[in-house]
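Please look through the model below and work through the questions on its helices, its sheet and its loops.

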Amino acid sequence: MQFDTSSRDSQGTSVTPIDPQSFDFEQYADYAKALDQKVKPFMESDSGVLVYRRYRVAEVFADGCRDMKNSLSLQLAALQQSMNYKADVANFLEPWYGIGSTPAAFGAEYIWHPGQAPATKPLFDSIQEALDYDILPIAETEPGKKTLEYIDYFLETTRGLVPMSMSDIQSPINAAGNIVDISKLFLEMIDEPEKYGQFLDTITELILEFLLKQRIMIGDRLVLPGQGFASSRFMKGVGLSDDNIVMISNASYRRFDAPDRERLGEPFGGVAFHSCGNWEKKIPAVKSIGNLVEVDGAFSASTDPDPNVPEAFRDAFKETGIILHARMVGDSTEIVEIVKRIWSPGLKLIVCTYCQSPEDQARAYDLIHEICQ
């Protein structure tokens, strides 16, 4: 299989939005609680496997996020359909309103291109310009306010019965490149390392404050790590997208980024790391995060045009207690072949599947558990 460049979202599944009044919230609450009982022993063990059939709706993470009622209707349709797919972890709601919340604290405004997620443009040519700006708390920005409105609406409409994550906030280094022109940002990392570190620390505090506010609002419905990870009340860690790691050295990541990740992870039991693409060479830097609890990567060509090598991640994370969250777009045959390469006793593995039919998902589920005994 090859990556489909014509696809709007290689990991997306089409659904027809449903009226919340037609959704059985009690049924889904019972379903999620039942699957949580599969998650609990996995979290307590040193080795094992879970299967998660992720139900990602493309529109929700594109221009469909602009309308919170539409977003919820689409996500509820996904939850309803997801119950037909054999899995160990339930899907959840995410109050997503773009990834520009942190840049908005520095004055960035959303740009809405038709059919696409909201975008922002860097506003500054230097870190000092950004630090001199009258920075707002994220909760006081338009994207921040919208996210909190979504949380209120989701909770009220679902009567607090459906699991929910915090909104994807991105890592400090990802946000930094959307605030200061990224080429100039990395030059200053080399020329003015202390100022660069101060900038990342400032962003980290903004993000942490906003995450904690979301956690309080969501309360006991909160599932972790959130973002693109399989999530549960029994799991821990905060999910962070750290894609810009591929553009800096391992030494720089250890010096500037790992400490901030640890700070963000402290209140949530650790950090769950995600990067798109092949980040095998960054494994040593990622493992330097002191409270790392989980890592995520793409392992099939249908998921990412440059997927990771299964054996490299198997050897790096087995017998560490760190969960490997492996995304695999493809049918059961393709998934099973990858699982055979990635599995080893001593590994804590979550296989994230996207099988198109319940029958193919059931086949993948059964074979994965057979392999990973």
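The questions and answers that follow concern a predicted model.

Q: Which residue in β3 is the bridge partner of Ser241?
A: Strand β3 covers residues 271-274 and runs parallel to β2. Four bridges join β2 and β3. In β3, the residue bridged to Ser241 is His274.

Q: How are α5 and α8 oriented to each other, roughly parallel or roughly antiparallel?
A: Helix α5 takes in residues 142-158 and helix α8 residues 193-218; their axes lie 10 Å apart. The packing angle is about 15°. Angles under 35 degrees count as roughly parallel, so the orientation of α5 to α8 is roughly parallel.

Q: Which residues of α8 make the contact with α5?
A: The crossing of these two helices, α5 and α8, is right-handed. On the α5 side the contact is made by Gly144, Thr147, Leu148, Ile151, Asp152 and Leu155. By class, the residues of the contact of α5 with α8 are six nonpolar, three polar and two charged. On the α8 side they are Phe210, Lys213, Gln214, Met217 and Ile218.

Q: Why is α7 described as oblique to α8?
A: The axes of helix α7 (residues 182-191) and α8 come within 5 Å. Angles of 65 to 115 count as roughly perpendicular and those over 145 as roughly antiparallel. The two axes cross at roughly 125°, which means that α7 is oblique to α8.

Q: How many nonpolar residues does the contact of α7 with α8 have?
A: From α7 the contact takes Leu185, Phe186, Glu188, Met189, Ile190 and Asp191, and these meet Pro193, Lys195, Tyr196 and Phe199 in α8. The contact of α7 with α8 has no polar residues and three charged ones. The nonpolar residues number seven.

Q: At what angle do the axes of α2 and α5 cross?
A: Helix α2 is formed by residues 68-82, and its axis comes within 10 Å of that of α5. The crossing is right-handed. The two helices are therefore oblique to each other, with a crossing angle of roughly 50°.

Q: Which residues of α2 make the contact with α5?
A: The α5 side consists of Glu149, Tyr150, Tyr153, Phe154, Thr157 and Thr158. Over the contact of α2 with α5, five residues are nonpolar, four polar and two charged. The α2 residues are Met68, Lys69, Ser71, Leu72 and Gln75.

Q: Which side chain meets that of Arg159 in a salt bridge?
A: The structure holds 16 salt bridges. In one of them, the N to O distance of the pair with Arg159 is 2.9 Å. The pair links distant parts of the chain, 133 residues apart: Arg159 is in the loop between α5 and α6 (172-176), and its partner is in helix α1. That partner is Glu26.

Q: Which residues are joined by a cis peptide bond?
A: The bond has an omega of about 0°. Its proline is found in the loop between α8 and β2. The residues joined are Leu224 and Pro225.

Q: What is the phi of Gln227?
A: Gln227 is found in the loop between α8 and β2. Its phi is positive, in a residue other than glycine. The value is near 55°.

How values were computed. Residues are numbered from 1 along each chain as its sequence is written. This is a predicted model: local features need pLDDT of at least 70, side-chain atom pairs count only at pLDDT 80 or more; totals for chains, interfaces and linings use all residues. Side-chain values use heavy atoms; hydrogens and water are left out. Axes are lines fitted to C-alpha atoms, for helices over the stretch in contact, and angles run from 0 to 180 degrees between N-to-C directions. A crossing is left-handed if the near helix is turned anticlockwise from the far one by less than a right angle, and right-handed if clockwise. Contact means heavy atoms within 4.5 Å. Ala, Val, Leu, Ile, Met, Phe, Trp, Tyr, Cys and Pro count as nonpolar, Asp, Glu, Lys and Arg as charged, and the others, Gly among them, as polar. Two strands pair if DSSP finds at least two bridges between them. A salt bridge is a side-chain nitrogen of Lys or Arg within 4 Å of a carboxyl oxygen of Asp or Glu.
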